[in-house]
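Visitor: I have a few questions about this one. Can we go through it piece by piece?

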Amino acid sequence: MVTLYQLEGCPYCELVADRLDELDVEYDSVWTEGLHSKRDEVKRISGQRQVPVIVDDERGVTMAESERILDYLESNYA
């Protein structure tokens, strides 16, 4: 299962979510706090507070930065 940590209105998060939908990848969304200082769960998972972040449990991957995530999705799910 893939989990996407995202923020409402974040265009980079939307790019990742749209690509997951296009590739028909099932995923759970975790909506994060707007303030960086309150994104403790994202920090715990990925070591930083930026979104989007994906966690692909099946492949043991945790990744941030939308471009890297999109490349990863293309390589593994397209």
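Guide: One term to begin with: pLDDT is the predictor's confidence in each residue, from 0 to 100. This is a predicted model, and confidence is lowest in helix H2 (residues 40–46), at a mean of 93. The highest value is in E3, at 98.

Visitor: What is the mean pLDDT of the protein, and what share of its residues reach 70 or more?

Guide: The mean is 95, and 100% of the residues reach 70 or more.

Visitor: OK, helix H3. How many residues, and what does it span?

Guide: H3 covers residues 66–77, which is 12 residues. From first C-alpha to last it reaches 16 Å, close to the 16 Å expected at 1.5 Å a residue.

Visitor: Which residues of H3 are buried?

Guide: Ser66, Ile69, Leu70, Tyr72 and Leu73. They are on the same side of H3 because they cover an arc of only 160 degrees around the axis.

Visitor: And which are exposed on the other side of H3?

Guide: Glu67, Asp71 and Ser75 are exposed there.

Visitor: What do the buried residues of H3 pack against?

Guide: Three elements: helix H1 (11–22), strand E3 (53–56) and strand E4 (61–64).

Visitor: Why does Glu65 count as partly exposed?

Guide: Because its relative accessibility is 48%, and partly exposed runs between the 20% limit for buried and the 50% limit for exposed.

Visitor: Is Asp24 buried or exposed?

Guide: Asp24 has a relative accessible area of 69%, so it is exposed.

Visitor: Over to Cys13. Where is it, and is it buried or exposed?

Guide: Cys13 is in helix H1. With a relative accessible area of 0%, Cys13 is buried.

Visitor: What does Cys13 touch, leaving out residues up to four places away in sequence?

Guide: Leu4, Gln6, Leu7, Val51 and Pro52.

Visitor: You listed Val51 and Pro52. What kind of peptide bond joins them?

Guide: A cis peptide bond, with omega about 5 degrees. Pro52 is in the loop between H2 and E3.

Visitor: How far is Val51 from Trp31?

Guide: Their C-alpha atoms are separated by 9.8 Å, and the two residues are 20 apart along the chain.

Visitor: Which strand holds Trp31, and what is Trp31 in contact with?

Guide: Trp31 lies in strand E2 (residues 27–31). Setting aside neighbours within four places in sequence, Trp31 is in contact with Gln6, Leu7 and Glu8. Gln6 and Leu7 are also among the residues that Cys13 touches.

How values were computed
Residues numbered from 1 in each chain as written. Predicted model: local features only at pLDDT ≥ 70, side-chain atom pairs only at ≥ 80, totals over all residues. Heavy atoms only, no water. Helix = DSSP H or I, 4+ residues; strand = E, 2+ residues; numbered from the N terminus. Expected span 1.5 Å × (residues − 1). Buried < 20%, exposed > 50% of the residue type's maximum accessible area, 1.4 Å probe, protein only. Arc of directions from axis to C-beta. Contact = heavy atoms within 4.5 Å.
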